[in-house]
Amino acid sequence: MTEPVPARSAGRFADSLLAFTTGLWLALLQCAYFFLLEAYLTSRATSFFIALFFWLGGFLAGLNLAAPRAFPALVVAAPLAYYAALGGLAVFPYHLWLLAPVGACIAVAGALAGAFFPFAASRFPGLKILLLHENNGFVLGLLLSLLGLVFHGRLLLTLPPVLGALAVGGLLLSRR
Amino acid sequence: MFSALRPATRGEGSLFLAGVNLMLLNFLMVQHAAVAIRQAEVAVIIFSLAYFLVLSLGYAVSDRLSPALLRALLPLFLGAQLLLLLALQPLQYLLAAPVARWAARHALPALLGDIAAGAVLCVLLTVCATSLYAVFLPRLTAAGAGLRRCYSVEVAGSLLGLLLVPVLAAVSHEALLAGYCAVFLALARSVGVGRWLVGATALAAAAYIAGFSAADRAIARWCYTRIYGWEVTALPFVSYTPYHKIEIASGPAQSRLLLNGRRQFATDPSRAYAYYVAEFPARLLGAPHVALLGCGSMSTVGLIGDFVPSIRIVDLDEQVFSASRTHFQAFNRLDSLRNWTFTPNDAKNFLANSAESFDLILHDIPPARSRQVALTYTEEFFRLVLARLSPGGIFSISSLTPLAGDLHYSRRLLATLGRVFPHYFVLVRHDSCYFYGGGAGLREPTGAELLAAVAPGRRHGVKFYSRAQIEALVAGEKIVTISNVGDLIYD
């Protein structure tokens, strides 16, 4: 897929778009996981705390992945992990023992988020621009998720993980 | 791995503390915003938007804030945040009320008041809450520190904060506030704020925490007197849980339960609701084994407790149950009854995992005004209920919204129930309707039979609808599933 490139090409529209789209996707993925747990496992606060713990733990692990292809690999792995979690909860809804395996899937999504920053940092003159674009995408993703949660719950649970992967994967391929 | 994440420099220490602090602040702000806005999910939306928008702002200005300005702003921000926690509820009222009055004068929706207040609160949260935290990471990496290392230290701080939230919250709300202030002051010290200033701020924070409970109650009394027009003489019970702020507001005539500032159940002297939702179907069945999903004042238990063999009470928040048990004892009589058990769980998870069958399942969960609650008004949820009903058993649920008129709430609810329960009948009294549904084993009595089963003093204004009549009434209405709970919430 792609390798980090020198900062001379920083600030390109494509890089900003990748950061924005990744942020958007991460917000949708995170909200989809929270909703998945709430709708098909339990609404108890512990499940939210555990999910967030796994996300942050995965984020930490993803940040420290040294392999240059870690992020592109996670673009594929994160939606696969999500659909594994969705399938598991569809087959065994409300079984609390699924919290640990679903948590592991959430950690993969967290790792995707964590691996993105070292992957993309070299394309931007300063971290603040990268964080800014990624965060703006996250804000839009959050807004879309909140609408999805109340008016299109099943759509939020099924489509964004694969659509996000296609969009981010497409942007990565276009930069080769 | 964790020892490798120990902050090695003062800058890394600031990042770590910012991570811890932000996690504690998130929890506190969402809790207090939920009370002010009286709608937990809208509070989460407003706070999340404020939080992430201001992160963008923080990133954008991270290299424009001088160290001296940062040191000056930090103690000010702690003061602003602590004041905001107490001021959110009265501010919301003071902002919303005049706009709502103006809207009424111009024949506009009163909701404009809440929207205007929400927007102002969002700006205040944006400015006061999170803007400073975003500057640390870009500043440090711009100064040459490694991204992986710095970001890892900050995330490790967030993980510690996440672990601290449930631990401190379980002790008390003041413990959470104290933890938050302590971490904030350590953060201020780590960026070079002077010892004297940090010491003075610590003293002010300690005084705030010591007086928090009294101030919080006084402000809540002021708000409820103005918002609802109640005479509130005392708040004998106040507790913050991960789900709600629970308050019992006592007045000369009655006590009320409030969750996140919203009235849930008042003590109902005539017990009309409890009679139609619980006693009437219980008498129809004789001596049913009962499951009560959700607990308010639990006056339903008080009405049927003497003649049913068992009642299983299920509620997500154990503290709501405890508060109701203590403060609405005259209505629920739990201390004198011995045939009940309490299960702290959410209703979905309980129904899906329980091996028990119940003759009567009572839905005593508040109306679907939030997404989490609305998930118990969906087709998927009602199928879980149907699976736990014994043959001939009844599921009883009410809607206090008129069946006729512009609002679709009751009709959509009945359409959804009708999709799941093959047999049912509906009682309508004034603006409320009560649905009694069951599986193939439930007999649908005639209207005359049903009216005869109602206690003589309760028959006035009662009308029964057959399944055929309801099907005609709700034809074309949307079915509520987990996909579209918004169609019920924002009807």
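Q: Does P367(B) count as buried, partly exposed or exposed, and what is the basis for that class?
A: The model is a predicted one. P367(B) sits in the loop between β8 (358–363) and α14 (371–374) of chain B. A residue is buried if 20 or more other C-beta atoms lie within 10 Å of its own, and exposed if 12 or fewer do. P367(B) has 17 C-beta neighbours inside 10 Å, so the class is partly exposed.

Q: What distance separates the C-alpha atoms of P367(B) and Q264(B)?
A: Along the chain, P367(B) and Q264(B) are 103 residues apart.

Q: How many residues does chain B have, and what percentage of them count as buried?
A: Chain B contains 19 helices and 12 strands. Its C-alpha trace spans about 80 × 55 × 50 Å along the principal axes. Of its 491 residues, the share that counts as buried is 49%.

Q: Among contacts in chain B between residues at least 6 apart in sequence, what percentage join residues at least 24 apart?
A: The contacts considered are those in chain B between residues at least 6 apart in sequence. Among these, the part that joins residues at least 24 apart is 70%.

Q: What separation is found between the centres of domain 1 and domain 3 of chain B?
A: Chain B is divided into domain 1 (3–228), domain 2 (234–265) and domain 3 (272–489). Taken over C-alpha atoms, the centres of domain 1 and domain 3 of chain B are separated by 40 Å.

Q: Are α7(B) and α8(B) roughly parallel or roughly antiparallel?
A: Helix α7 (residues 173–190) and helix α8 (residues 195–228) of chain B pack with their axes 10 Å apart, at an angle of about 170°. Angles over 145 degrees count as roughly antiparallel. The relation of α7(B) to α8(B) is therefore roughly antiparallel.

Q: How many nonpolar, polar and charged residues form the contact of α7(B) with α8(B)?
A: Residues of α7(B) in this contact include L177(B), C181(B) and L185(B), while those of α8(B) include V198(B), I209(B) and F212(B). By class, the contact of α7(B) with α8(B) has 10 nonpolar, 2 polar and 2 charged residues.

Q: Are α1(A) and α3(A) roughly parallel or roughly antiparallel?
A: In chain A, the axes of helix α1 (residues 13–40) and helix α3 (residues 70–91) come within 11 Å and cross at roughly 10°. Angles under 35 degrees count as roughly parallel. The relation between α1(A) and α3(A) is therefore roughly parallel.

Q: Which helix supplies the largest share of the side of chain B that touches chain A?
A: In all, 42 residues of chain B are in contact with 37 residues of chain A. Among the helices of chain B that each supply at least two residues of this side are α2 (40–61), α6 (147–171) and α13 (347–353). The largest share, 10 residues, comes from α6(B).

Technical notes:
Residues are numbered from 1 along each chain as its sequence is written. Chains are lettered from A and ligands numbered from 1 in the order in which they are written. This is a predicted model: local features need pLDDT of at least 70, side-chain atom pairs count only at pLDDT 80 or more; totals for chains, interfaces and linings use all residues. Axes are lines fitted to C-alpha atoms, for helices over the stretch in contact, and angles run from 0 to 180 degrees between N-to-C directions. Helices (H or I, at least four residues) and strands (E, at least two) are DSSP runs, numbered from the N terminus. Angles under 35 degrees count as roughly parallel, over 145 as roughly antiparallel, 65 to 115 as roughly perpendicular and the rest as oblique. Domain bounds come from an automatic or database domain assignment. Two residues are in contact if their C-beta atoms, placed from the backbone, lie within 7 Å. Ala, Val, Leu, Ile, Met, Phe, Trp, Tyr, Cys and Pro count as nonpolar, Asp, Glu, Lys and Arg as charged, and the others, Gly among them, as polar.
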